[in-house]
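Below is a short briefing on one protein chain. Please look over the sequence and the model before reading on.

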Amino acid sequence: NLEPLLADLDSQAARLASELRQLSHECDGAPIAVIAHSMGGLVARAALRLVDSAGISQLITLASPHHGTRLARLLHVLPFSQMRPQSAWLEELNAVQEPHFPVPLTCIYSNSDNIVRPTESAALKGARLIELRGLGHLSLLSARESIDRTLATLLAPAQCPT
């Protein structure tokens with residue numbers, strides 16, 4: 001969970017990086033798979049810059065606005081200003097990572113997402129892309145097809161796309 005919800009994405013990333021380091025320690029360095037929804041996908045990508053990515057087996061994002069969302073233009077507080085299309089924050093993150101991610105990355109998204117618009121914003125060059133149809137933003141968390149695709153991705157050998 002991202003708390004406080006209105007904190008800037010870099011602060012959220014620092015908190016997540018700390019939690020990932022702690023989890024890695026508690027699991028004796030076993031690789032960690034990270035699954036993140038919506039803004040959490042951006043936070044997870046930013047956290048990858050702060051941790052040893054060797055401890056992360058893969059990142060799966062669900063409905064994350066990797067290239068921003070038009071809806072964020074209506075909200076004038078952090079972190080929404082960072083999620084605007086072509087924001088300086090997103091441009092910098094994408095310039096550093098896209099299409100060469102430090103870990104295998106899968107983007108699962110829907111053509112019917114009512115929050116992440118345009119749909120292509122949820123897709124990153126160089127990532128494995130899984131586009132689902134007819135699911136809303138929150139439905140991606142509970143729909144059988146989304147869960148099945150997420151589990152299949154977790155169970156398949158993680159590979160960096162070429």
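Leaving aside neighbours within four places in sequence, which residues is Gln 12 in contact with? They are Leu 2, Glu 3, Pro 4, Leu 5, Ala 7 and Val 43, where contact means heavy atoms within 4.5 Å. The model is predicted, so local features need pLDDT of at least 70 and side-chain atom pairs count only at pLDDT 80 or more, while totals for chains, interfaces and linings use all residues. Residues are numbered from 1 along each chain as its sequence is written, and side-chain values use heavy atoms, with hydrogens and water left out.

**Overall build**

- The protein has four helices and four strands. These are DSSP runs numbered from the N terminus: helices are H or I with at least four residues, strands are E with at least two.
- Along the sequence the pattern reads α-β-α-β-α-β-β-α.
- The radius of gyration is 15 Å, close to the 15 Å that the globule rule gives for 162 residues, so the protein is as compact as a globular protein of that length. The radius is taken over C-alpha atoms, and the rule is 2.2 Å times the number of residues to the power 0.38.
- Along the principal axes, the C-alpha atoms fill a box of roughly 45 × 30 × 30 Å.
- Of the 162 residues, 46% count as buried. Buried means under 20% relative accessible area, exposed means over 50%, and partly exposed lies in between (1.4 Å probe, protein chains only).
- Take the contacts between residues at least 6 apart in sequence: 65% of them join residues at least 24 apart.

**The sheet**

- Four strands form an open sheet in the order β1-β2-β3-β4, with parallel pairing. Two strands pair if DSSP finds at least two bridges between them.
- β1 (32–37) and β4 (128–132) are the edge strands, each pairing on one side only.
- Neighbouring strands are turned by 15° against each other on average, direction ignored. Axes are lines fitted to C-alpha atoms, for helices over the stretch in contact, and angles run from 0 to 180 degrees between N-to-C directions.
- Six bridges link β1 and β2 in the parallel sense. Val 34 stands opposite Leu 59 in β2, and Ala 33 has Gln 58 as its bridge partner there.
- β2 and β3 pair in the parallel sense over four bridges. Here Ile 60 stands opposite Thr 106 in β3.
- β3 (residues 105–110) runs parallel to β4 and is joined to it by five bridges. Ile 108 has Ile 130 of β4 as its bridge partner.

**Strand burial**

- Side chains alternate along β1. Ile 32, Val 34 and Ala 36 point to one face and are buried.

- Helix α2 (residues 39–47) lies across β1, β2 (56–62) and β3. Its direction is at about 140° to β1.
- β1, α2 and β2 make a right-handed β-α-β unit. Right-handed means that, with the strands pointing away from the viewer, the path from the first strand over the helix to the second runs clockwise.
- Helix α4 (residues 144–155) lies across β1, β2, β3 and β4. Its direction is at about 165° to β2.

**Two buried sites**

- Gln 12 sits in helix α1 (residues 9–26). Its relative accessible area is 2%, so it is buried.
- Gly 68 lies in the loop between β2 and α3 (88–97). It is buried, with a relative accessible area of 0%.
- The C-alpha atoms of Gly 68 and Arg 84 are separated by 4.7 Å, although the two residues are 16 apart along the chain.
- Not counting residues up to four places away in sequence, Gly 68 touches Met 83, Arg 84, Pro 85, Leu 90, Arg 117 and Ser 121.

**Cysteines**

- A disulfide is a covalent bond between the sulfur atoms of two cysteines.
- The structure holds zero disulfides, a disulfide being a pair of cysteine sulfur atoms within 2.5 Å.
- Cys 107 is buried at 0% relative accessible area, whereas Cys 27 is partly exposed at 37% relative accessibility.
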